[in-house]
Amino acid sequence: YFKAVGLCGGMLIYVLLIITGTSDPYVKFKLNGKTLYKSKVVYKNLNPVWDETVVLPVQTLDQKLWIKVYDRDLTSSDFMGSAFVALAELELNRTTEQVLKLEDPNSLEDDMGVIVLNLSLAVKQEDFKRNSSFMRSMRLSDSLRKNQLWNGLVTITLLEGKNIPGGGLAEVFILLKLGDQRYKSKTLCKSANPQWREQFDFHYFSDRKDMLDIEVWRKDNKKHEDLLGT
């Protein structure tokens, strides 16, 4: 759990690594090539969960926060994939969830897994006590508004599915896409009538004509995924 304190991004991290075998994964957060934080190692787990708090200071929003996953070894660490978040896309004082696909251009694996982040951005309260810091915070807010010309929010509540073919034989999940925004539901146990009861918020841009795409997927015990319909 990475909580936003000051001019920083806070994130709740839940990583799903779809990889065979065993691993001892940990995560590094990098900004401008520098490692800001390294998580603990979760041993022998392909679905690791971290419960840690850290402050990540951010000076400008024209940067990418890189999230890199590694497998700890006795002598070295193996790269397991990475993703990034454009800081300018974050909304001030609001927590948003993003599902990021891990990628490795040097790997032959088509699916490296995903990392799910709850991200937030806040202005450090002490900055208002000093004029120079206050001006930097104001410039931050101006930059935020210029880079986020969305007009509102579209809230999608995913309730349930009925009579999903093959749902009783495989796990089912939903992908929601609106423009470059993407959410993945939790994966439910085998059922033709799964119930999610999840809510997702999308930014709405009045100058775009993005369509909301809804995809229904199933996954078998061998981690093979099939698209059932859209």
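## Overall layout

The chain has 1 helix and 13 strands, where helices (H or I, at least four residues) and strands (E, at least two) are DSSP runs numbered from the N terminus. Starting at the N terminus, the elements go β-β-β-β-β-β-β-α-β-β-β-β-β-β. This is a predicted model, so to speak: local features need pLDDT of at least 70 and side-chain atom pairs count only at pLDDT 80 or more, while totals for chains, interfaces and linings use all residues. Residues are numbered from 1 along each chain as its sequence is written, and side-chain values use heavy atoms, with hydrogens and water left out.

Of the 230 residues in the chain, 43% are buried (under 20% relative accessible area, with exposed over 50% and partly exposed in between; 1.4 Å probe, protein chains only). The accessible surface comes to about 13500 Å², and 50% of that belongs to carbon and sulfur atoms; the areas come from the Shrake-Rupley method with a 1.4 Å probe, and for residues only the protein chains shown count as cover. As for contacts (heavy atoms within 4.5 Å), residues 24 or more positions apart account for 58% of those with a separation of 6 or more.

On pLDDT, the predictor's confidence in each residue from 0 to 100, the chain averages 75, and 76% of the residues score at least 70.

One is residues 1-21, for which the model has 95 contacts beyond four places in sequence. Another is residues 143-147, with 8 such contacts.

## Nonpolar cores

A nonpolar core here is a set of buried Ala, Val, Leu, Ile, Met, Phe, Trp, Tyr and Cys residues joined through side-chain atoms within 4.5 Å. The largest one has 25 residues, and those with the most contacts inside it are I67, V85, L87, L100, I115 and L117. Strands β2 (25-31), β4 (64-72), β5 (77-86) and β7 (114-122) are the elements giving two or more residues to this core, and β7 gives the most, with 4 residues.

Take L100: leaving aside neighbours within four places in sequence, L100 is in contact with I67, A83, F84, V85, G113, V114, I115 and L117. There's also a second, separate core of 12 residues, which includes I164, L188, W196 and F202.

## Ring pairs and charges over rings

A search of the whole structure turns up 6 aromatic pairs. Rings of Phe, Tyr and Trp (its six-membered ring) pair if their centres lie within 6.5 Å; planes under 30 degrees apart count as stacked, over 60 as edge-to-face and the rest as tilted. F173 and W217 are stacked, at 6.3 Å centre to centre with 5 degrees between the planes. F173 lies in strand β9 (residues 171-178) and W217 in strand β12 (residues 212-219), so the pair ties together parts that are 44 residues apart in sequence. Both F173 and W217 are buried.

Y183 and F202 go edge-to-face instead, with 4.9 Å between centres and 80 degrees between planes. Y183 sits in strand β10 (residues 181-184) and F202 in strand β11 (residues 195-204), 19 residues apart; both residues are buried. Elsewhere, ring pairs link Y26, Y70 and F79 into a cluster. The charged end of K28 sits over the ring of Y70, 5.4 Å from its centre, and K64 lies over the face of F84 at 4.2 Å from the ring centre. A charge counts as over a ring if NZ of Lys or CZ of Arg is within 6 Å of the ring centre and within 35 degrees of the ring normal.
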